[in-house]
Amino acid sequence: MIPRSARRRVARLALFCAGIVAVIYCGCSSQRAVNARVEEPFPKKLSDWHLFAATSKALQPNNGVVPYDLNTPLFSDYASKYRFVWMPPGTSAQYRDDSAFEFPVGTILVKTFAFPVDGHPTERLVETRLLVRTKSEWKPLSYIWNDAQSEASLETVPDPVKIRFTSASGKRHEFTYVIPNANECHECHDNQKMLLPIGPKARNLNKDYAYSSGTENQLEHFARIGYLQGLPAPAARPRSAKWDDPQTGSLDDRARAYLDSNCAHCHQPGGQAGYTGVDFRSTQHEVAQQGLCKSPNSAGAVGALSFDLVPGHPDDSILIYRLESTAPKVSMPALSRDVVHEEGVKLLRDWIASLPGGCPASR
Amino acid sequence: MKRASTWCASFASFFALILFSGCQKPTPNAQEFQKSLQERLINAKPGDAIDLPEGKFHFDRTVSLTVNGVTLRGKGMDKTILSFAGQTTGAQGVLVKADDFVIQDLAIEDTAGDALTIQGGRNITVRRVRVEWTRGPNESNGPYGIYPVECKNLLVEDSIARGAADAGIYVGQSENVVLRRNRVENNVDGFEIENTENVDAYENIATHNTGGMGVFNLPNLPRQGGRHVRVYNNQLIDNNTPNFAPKSLGPIHSLPTGTGMYILAIRNVEVFHNKIQNNNTVNVYIVHYKTVVDDEALRDTAASPITQQIFAPDDKRYYPFVQDIYFHDNEISGGGTSPDNRLTGVKALSDALGGKLPDFLYDGMVDPKWGHKPNSGQICLQKNGDATFLNFDAAGQMKHPVHDLKPYSCSLAPLARVSIPQIAVSAPGGK
């Protein structure tokens, strides 16, 4: 370990170095445009994309790099997630009602994952994932942050990371955070063998965001800055509930929003788990397709349970059993969940308990 | 300026050194091998062959491939071993979602879930691959050994599957499949052919499983209408290993110990020149879907609006009857000597028959649409040695059982050979 006095020197020195770097960059880089790569080779360093101010740990976005968030996001081990989108000047995405928008070639979707650190006011940045719309397809790229938090480097098979922190509510978290490798990106993002963005759909983006210029609806902001074409009138825009905010929807709405964001990327026709016959998209309303009283067919470990979802009986529902597990052949989602999302499970428990009826011979 | 920045750089690297020295990996070699194999698979180009050396290599995480046209090969199924004992991430061992894939001459052991999963691939070859749970039958073993699903043009040959808690070699929702010269043992089900069309299964051996082979369709899967399955020159012998599937795996838990072959809710199956022998519950079981799922439980449903909505429409694409099944020229004998009384249905039947069951057991379920002629399901059983038979009249609560084989001694047109590009290439002008 570094002695305390040395540490102080380190801090002073680091500030000094940062100062020098800032001086160097200030002259030429603050207006430096985002590096629009649409084919291999992609930058090995995240900084070479020029998405963020060079020395910023706060992910201060460059010009045209627009932050956004989602009504109901995918749960990722309690990580904080910081999302941005950039499009080449003069281009815009095409609005879609159900699926993710049609983004133009050159688009970069940016998502940084960070965790709290005990005794530190700032989070630790772990990884920044890019989805880059190349000439032919979406390319997933994972940049892993160094311990100094000064740079992130491109890796195809990142090593797992030990995470330890105590949450604001006092709950202790200690687990190994598994970062998906380049293939595993496809597990969630592929539909009909085509990699697609998942989050940026109208229903999930239809919310206010506190921009530095003031609070504004994200869809309207995108349209106003020229990032979105074809936005329909407000009444025609779908809006997903916020899973944890009863003001935004009924229990049913919020549970469906949660299933949509956490399960439907695989559990839909053409998705990784399309073959199971279960479809969790909030846009489909066939009750039998959501696993109600459905026996599991071929895959997975399901406890001593008969049906995916038993109305009124969360404890008899395979869905809950698998969400409450972290064992490799039981846990769902199968990837990128290393701890149980207790609040999410509670929502789904409440929802299942509220459903009327029952299943034949369910225990 | 220059001096200062150089100084900063060297200082930074010193700082980094201190930070990194604290985090060493526990087993660098295993981690390195796993990581490098995964990197090679990700960076592979179509046409690449990835050769694995001799040795036993430990993995704690699923290894996956999505690049088309890759061959993954070891030095032999007992020489190159990918061991997933203690796996922590992902259920599968090797997961493939690519076309034109060949895997050969290696073993995959002790995965948490399925050993080798191949999803949605065209032109897939699995050759001389061994999948195994090395502790033998155990309810905590992974469900499936070799698990191709939604594939087209699939060849699985000269492979071995042992210890799967569901099926050793499974094929689901696929078309144009050849399974040949494989050996499956100590699994719950040896082979499962599920919702799959155009299959040739020949020269395989299924022994010491709970059941030798199942050929069937299930409802509520995206691909329906499996049919046209030829099973010939196989040995389905002595499959009497007590069923070790956990309840959690669903219906397979109820597969009677000692089942040679079962044919469920499917049509156009031709079974010939096989040895189906010494399976203690029954050598051959031919049944309607609802004979094996609990029909009464379905009727007794507490008919809430939601429940009605689910069961009233059912899966309209699904057809639960068995029809056009042709067994001929098989050596079928020695079955049904000690039926699995764990199952109430089996026990009731065997009690009624003095504790033994015949070689062929058929539930006699026929679709009223076929009319009232005898054997309207066209179950044809010919030249199967001295195999005994019973239609136990499931629809009539076993009131009118039929032991006489005569109504069933018909024949059906032979089914066509299954043609896949892999075989056409390796044996031009083959049979």
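Me: What share of the contacts in chain A with a separation of 6 or more comes from residues 24 or more positions apart?

Reply: Two residues are in contact if their C-beta atoms, placed from the backbone, lie within 7 Å. In chain A, 51% of the contacts with a separation of 6 or more join residues 24 or more positions apart. This is a predicted model: local features need pLDDT of at least 70 and side-chain atom pairs pLDDT 80 or more, while totals for chains, interfaces and linings use all residues. Residues are numbered from 1 along each chain as written, and chains are lettered from A and ligands numbered from 1 in the order written.

Me: How much of chain A counts as buried?

Reply: A residue is buried if 20 or more other C-beta atoms lie within 10 Å of its own, exposed if 12 or fewer, and partly exposed in between, with C-beta atoms placed from the backbone. By that count, 42% of the 363 residues of chain A are buried.

Me: Why is helix α2 of chain A largely enclosed by the rest of the structure?

Reply: Helices are DSSP runs of H or I with at least four residues, and strands are runs of E with at least two, numbered from the N terminus. Helix α2 of chain A (residues 182–189) is largely enclosed because seven of its eight residues are buried; among them are A:Cys185, A:Cys188 and A:His189.

Me: Is B:Lys247 buried or partly exposed?

Reply: B:Lys247 is partly exposed, because 15 other C-beta atoms lie within 10 Å. B:Lys247 sits in the loop between β21 (235–237) and β22 (259–264) of chain B. Not counting residues up to four places away in sequence, B:Lys247 touches A:Ala304 and B:His253.
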